[in-house]
Number of protein chains: 4
Amino acid sequence: MKDKKGIKVATIGGGSSYTPEIIEGFIKRHDELPVKELYLVDIEAGKWKLDIVGSLAKRMVEEAGIDMEVHLTLDRREAIKDADFVTTQFRVGLLDARIRDEKIPLRHNVIGQETTGAGGMAKALRTIPVILDIAKDMEELAPDAWLINFTNPSGIITETLSKYSDIKVLGLCNVPVVMHKMAAEILESDEKDLKMDFVGLNHLVWGRKAYLNGENKISELLDKLAEGDFSDVENIPDYKWSKELLQSLGMLPCPYHRYYYLTDMMLQEEIEAAKSEGTRGEVVKGLEKDLFEIYKDQDLKQKPEELESRGGQYYSDAACDLISAIYNDKGTLHYVNVKNNGTVNCLPDDSVIERTSYIGADGAYPLNVEALPPQVKGLLQVVNEYETLTIEAGVHGDYNAAYQALTIHPLVEGSIVKELLDDIITENIDYLPQFQR
Amino acid sequence: MKDKKGIKVATIGGGSSYTPEIIEGFIKRHDELPVKELYLVDIEAGKWKLDIVGSLAKRMVEEAGIDMEVHLTLDRREAIKDADFVTTQFRVGLLDARIRDEKIPLRHNVIGQETTGAGGMAKALRTIPVILDIAKDMEELAPDAWLINFTNPSGIITETLSKYSDIKVLGLCNVPVVMHKMAAEILESDEKDLKMDFVGLNHLVWGRKAYLNGENKISELLDKLAEGDFSDVENIPDYKWSKELLQSLGMLPCPYHRYYYLTDMMLQEEIEAAKSEGTRGEVVKGLEKDLFEIYKDQDLKQKPEELESRGGQYYSDAACDLISAIYNDKGTLHYVNVKNNGTVNCLPDDSVIERTSYIGADGAYPLNVEALPPQVKGLLQVVNEYETLTIEAGVHGDYNAAYQALTIHPLVEGSIVKELLDDIITENIDYLPQFQR
Amino acid sequence: MKDKKGIKVATIGGGSSYTPEIIEGFIKRHDELPVKELYLVDIEAGKWKLDIVGSLAKRMVEEAGIDMEVHLTLDRREAIKDADFVTTQFRVGLLDARIRDEKIPLRHNVIGQETTGAGGMAKALRTIPVILDIAKDMEELAPDAWLINFTNPSGIITETLSKYSDIKVLGLCNVPVVMHKMAAEILESDEKDLKMDFVGLNHLVWGRKAYLNGENKISELLDKLAEGDFSDVENIPDYKWSKELLQSLGMLPCPYHRYYYLTDMMLQEEIEAAKSEGTRGEVVKGLEKDLFEIYKDQDLKQKPEELESRGGQYYSDAACDLISAIYNDKGTLHYVNVKNNGTVNCLPDDSVIERTSYIGADGAYPLNVEALPPQVKGLLQVVNEYETLTIEAGVHGDYNAAYQALTIHPLVEGSIVKELLDDIITENIDYLPQFQR
Amino acid sequence: MKDKKGIKVATIGGGSSYTPEIIEGFIKRHDELPVKELYLVDIEAGKWKLDIVGSLAKRMVEEAGIDMEVHLTLDRREAIKDADFVTTQFRVGLLDARIRDEKIPLRHNVIGQETTGAGGMAKALRTIPVILDIAKDMEELAPDAWLINFTNPSGIITETLSKYSDIKVLGLCNVPVVMHKMAAEILESDEKDLKMDFVGLNHLVWGRKAYLNGENKISELLDKLAEGDFSDVENIPDYKWSKELLQSLGMLPCPYHRYYYLTDMMLQEEIEAAKSEGTRGEVVKGLEKDLFEIYKDQDLKQKPEELESRGGQYYSDAACDLISAIYNDKGTLHYVNVKNNGTVNCLPDDSVIERTSYIGADGAYPLNVEALPPQVKGLLQVVNEYETLTIEAGVHGDYNAAYQALTIHPLVEGSIVKELLDDIITENIDYLPQFQR
């Protein structure tokens, strides 16, 4: 691919507030990754955001003085045609849907979260029909293109595509990136010298080992983490892990593990936050409003600092890095969502895992890993089967699969599954064609 | 084995209130299963019970007029020496320990139950050192004998023996027997014409199919169960399964599934019962007291009807049936706990599963089964890993393993694991040599 | 099924010289297995044989005085319609094709045998299109019927049906039956008291254990076999196994193992036999001619003794036994070809294995088995992959698959694969529609 | 490891004629791989060779003007103590043993080859006791060192160490290196731009894919290979692959596949060569004699060109590259023999495979690979089980395992196994302590 001149990229959900980050990412890599055409695509309802952020994008590119055309369009097929890379960062139903995903479960006294638990299932059910449509367009119009998926729940969406389409796809998440940075900080090492051995599912990933020049420093990392004061992602309460939990686990948990390991604390926090400042979705809605005001400023010609507080930092940078590794056949390690294919031997071959992977022009090779310890296996397996059921429900509109997905999810209480599921379907029905019968 | 005259059986925990049932079982099968010597063994603390129930046993045998010697002893090695079958029905720490297993978790607002969840783990930790001692005696004194284990948690104990001893062992539980009887009642068929395809773990077993003369009637069974009014075991509240749950599951859940599928309802019920009539252990303690009064009656020469209300009905009958199938190389199907060995392909080979199995003189062959659906896999796998960790904790006194066992158990809330575990170890320390350091 | 009155059986290849054996089998089991209608089906080219053997069949039934109608027909669909059981014993291309299967490989200096090696592949390629046609008829006209397949290569044919049709199918072979009888003779035991643990592929099956009342006598069996003088099947030269081979193998090899373990001796024997009395096919052609002369005798009203020398003895009896076990939900053990489904963990789930299996009205459960030793695994796996390739070649007319099937087969020399394969296809082209392009 | 100054390397079998190549390899990489101490170790019988080649090594280092001390020693423990890397290139029994490995099988009319078939087994049996001794020394004296094994049969030896020692080990072979070079020549590409996807066992490795900048060129490679005239290794007759074989295989076979795919041709060639110029071992013995004459020349201060004709070219260069990748945590791809651990899902986890692997300071990660096609699986599996048995025979002196290893090996004829094995053991008994009883 390296020989190709003039890369074409299509970004679905181009009106997102994150767009300035990906623009910055392409600008600073322009020498090694010569993006010639960048299509920012959005839907009618997102046109006003696309206009604002697209205009900023154009100013950023002009300021940088590079040869890259930024196109704004509502025509997804035009954007995808002959693209080399497609990135997805859209949100079906916008932030209002996210707020529902948080509030409906809370109403039934279970965790309400954008990607994890019942809220994550709702988001998956809305997103699956759309992502399969995009995949169909790609199969027709850009069969050799790579889809780099950021849309959450990133693992489930990537697995849906892996199972139900023929396109080349990798999923991305900023969580391992943030964990990598935190681990480097804890070990007082340069980020570049650190190699994290991540394994698991998206938003349920463990740092199994932490290599500094070939030496595994995971014990030191866990000891220091238990003693010190370090923070990870923005959008999740920062409860400290206990020494006992870290030592018995023997791995670095991800921020989202708090939902599983500290369920009641997280639930109480959510309930109280919902009463005071609002759910995270409501907070973000405010942040976004502010961001778009800032973006409107015609003198702004670079990514504004305020974007950092938005929550998904490093996402777009990780994506640009990954795209460059593929384009340049780099042979570097990245943390991606990729088909398991026997890597994690306690999960099915066709599951999509999140794993440290070798990336070249021919794609991703998740690094081989030994059998995982029981404490990791058990949780991984039950959440994986929840994901399998959610995908079946999302693709086929299978109520029974959705019912059982919620029933076995560790964060959902069995007694209220029917009421919860019926609320989810009823209140999202406009976005659930597969359940409209 | 069939040619052997004069079978010797050793029953460990012979002072149990269940003993009259096993005596009755041997009496009524004496023609096909000529038990010549039956040793009822107990420990010093159980001597008074052994004397009462042993005396009843002798009266029952005399009344039956069969050639069977009943020996009462506190010398376990004498009982085991050259035995053909050893059965285990003891309870380490007696009913007081059970009551603690119920009350400690409830104190932390999680399910407190004899075999399932935190209470089951406590029971396993107490029982493992004793069962391994028994196995060592058997390896030395009766290496060809079969151990038929009833002691709960029956799956975990059987798996411990399968992994950490060389003896021949099968685990038994009355739950599939009760489910079989209920299914026959629902289908209005003779119990003998029904073949249930059970699969899972002990106390987490599903009825996958229900064959009447080769035809699978599981849908009919589930439909009628959802509509009708049928009851299963005595010791678990009888909440009805919803039609949605049964249809989406597609299998017959076991009574203990209520803890997983209806957690909050069960927890509330437990909390209230503890306040009113007492925990199940406290209720049973009263029942047992009454039973032993009845057993004392020198005119009583058969199993009294009152034993039925005790909860573990059909246990001993299933055991006698199993022993006879081995002794007579019958080639019949039984529901046993047996090494998985690839039968359930989503569980490790060395796990012990509960499964419809073919029994002959050479042991048990769990029937081959197709891949299980995700809703069953997920729950099965996480509970299986909990069991794996519990066994490691029980055998090696591994605090970290116990910590993670509770952490991943679906019925335990992560935030309180440390306090809960420390309470369990502290209050059971007299029975936990592996943790006495 | 038991309740059904008036079983209908269709026997494809009803003009076979074996038919009197299956008639005898149904006659002697008529009380437990009330076959009401038996359709003997054949093709135009076999009509003269069908008339002769069909007439004998009718005389046998009349003599027995049972209520069973024997129909002779060339209309396969009429025979299959609403049948309860279909049995297959046809030979595509008749004995002349078999003789070619023996002579073509010999011409290239490799083993020429009806079922094993290049000859077996040729036979599979001819048979697969026909058996898939039969399966299509069954899917349409008798979807609940069982197909009991005797047609060789029995394992490959059964696997083809298991992979490429929806019908219920079990494969049968007389080899384990003959081995069982020989083992009983060696151990001086009653056949009924012996339980052989067979595992492998059809015509590549090992006797892993030999239980007499629960005790494994395999060592004694192998020792006595090495010392004594015992014979197995008729159609394979009776070379004795060496003590070293038996001891290092640790299992009872099947007669066909001589092709793998004593290749050169068998090849030399074949070459010389071909020169003197003719290949086995040529010998059988003579035997059959004689048999049909005998069958013509209108006074003959039972299976003539001369059939014994034909080679496939006990086949039909095993089939009747199996049919009765299904019909009566007997729960007995039989040696059948059945979908692996994880039983032999070194073979794919969708392979068909030959294994001691539990048979009931709901079908066959191959008995669970521990991991096989390397000496068995290696040979089993390479022959299994040969079979996989042969099935692909047979179903899709895939020349490359056929080429590689021969290339990896242990009995075929790589240097001559092209010439050998081209001869096979050219000389069988009338029977190979999938290769006619 | 990178920070360490002054790397220590111990080369066992330092008197080998290959040593100048490894010296050259260290000299040219001295900047990135600062070897400070190089110990060339040999045994008493090899002292004269060690003196000659060691002296040349010292002259080469002096000429290069680098800071590296070359030590010659017969004290293996001194050499291993605190080493960072140990390389093995010894041959137990010297070339005379190799000649026996070629001649004994030929005497029984089967392939006689140094590493493949019966000769390879003999070599493994001699080498295993010595390599396990070396591993024991390393466990004691240099527990963190890497063993880079070249000693043949490289896969079997590496697997023995992986199963029966605790040291860190990787196996190397020049075959994939030579295949890579040939593939680059065929595709007319730069070697550096080509990424070969190799998978299999040592000396039974297939080139599955050939990527040029992310595009798989395997079809083009096979087409051109079938048409053109390209050569691979020196020591194996260069029979061309037929178009049919390459197309039906769909992968690039390795030179040693000729033994499996063209057995008779290779056997005839061997028989004739043995009669005329002598076996390959006899030829090499002559070449070596000449080489040592050249090495004696005190004016020679670099690797002489004549070494190229010796046969194992690129071996040492590949080793230096691998050592540098580990030392410098390079993250590059190498073709190594490494523990399978689920990579090839049709082989056991504890087998050692040959595979394109990612190498860093923490070791080797064999790249994830899809399920292999049946034609590759079958041969791979049977040879893998031969290797498993050979290792058991070599470690435990297990005659039965050796017997069955030969029995299932595709290149050995079953009828003569006993005679062949007895000859091997008798004529090698001085080097087989495990069989001396």
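Biologist: Which residue of chain D forms a salt bridge with Asp362(A), and how far apart are the closest N and O atoms?

Modeller: A salt bridge is a side-chain nitrogen of Lys or Arg within 4 Å of a carboxyl oxygen of Asp or Glu. Here Lys195(D) is the partner of Asp362(A), with 2.6 Å between the closest N and O atoms. Between chain D and chain A, 2 salt bridges are counted. This is a predicted model, in which local features need pLDDT of at least 70 and side-chain atom pairs count only at pLDDT 80 or more, while totals for chains, interfaces and linings use all residues. Residues are numbered from 1 along each chain as its sequence is written, chains are lettered from A and ligands numbered from 1 in the order in which they are written, and side-chain values use heavy atoms, with hydrogens and water left out.

Biologist: Which elements of chain D supply at least two residues to the side that touches chain A?

Modeller: Helices (H or I, at least four residues) and strands (E, at least two) are DSSP runs, numbered from the N terminus. In chain D, the elements are strand 7 (194-201), strand 11 (352-360) and strand 12 (363-366). By class, that side of chain D holds 10 nonpolar, 9 polar and 9 charged residues. Ala, Val, Leu, Ile, Met, Phe, Trp, Tyr, Cys and Pro count as nonpolar, Asp, Glu, Lys and Arg as charged, and the others, Gly among them, as polar.

Biologist: How much area is buried between chain D and chain A?

Modeller: Buried area is the accessible area (1.4 Å probe) that two parts lose on being put together, summed over both. For chain D and chain A the value is about 2100 Å², with 40% from carbon and sulfur atoms. The contact (heavy atoms within 4.5 Å) takes 28 residues from each of chain D and chain A.

Biologist: What rotation superposes chain D on chain A?

Modeller: Two copies of a chain are related by a rotation about an axis and a shift along it. Chain D goes onto chain A by a rotation of 180 degrees with 0.0 Å of shift (RMSD 0.0 Å), by least squares on the C-alpha atoms of residues with pLDDT of at least 70 in both. The two copies are thus related as by a two-fold rotation axis. Of the interface residues of chain D, 100% are also interface residues in chain A, so the copies meet through the same surface.

Biologist: How many residues of chain A are in contact with chain B, and how much area do the two bury?

Modeller: Chain A contributes 32 residues, in contact with 32 residues of chain B. The two bury about 2700 Å² between them, 60% of it on carbon and sulfur atoms. Between chain A and chain B, 2 salt bridges are counted; Lys377(A) and Glu385(B) meet in a salt bridge at 3.2 Å, N to O. Helix 14 of chain A gives the most to the side that touches chain B, with 10 residues.

Biologist: What is the average pLDDT of chain A?

Modeller: pLDDT is the predictor's confidence in each residue, from 0 to 100. Chain A averages 94, and 98% of the residues score at least 70. The predictor gives the complex an ipTM of 0.95 and a pTM of 0.96.
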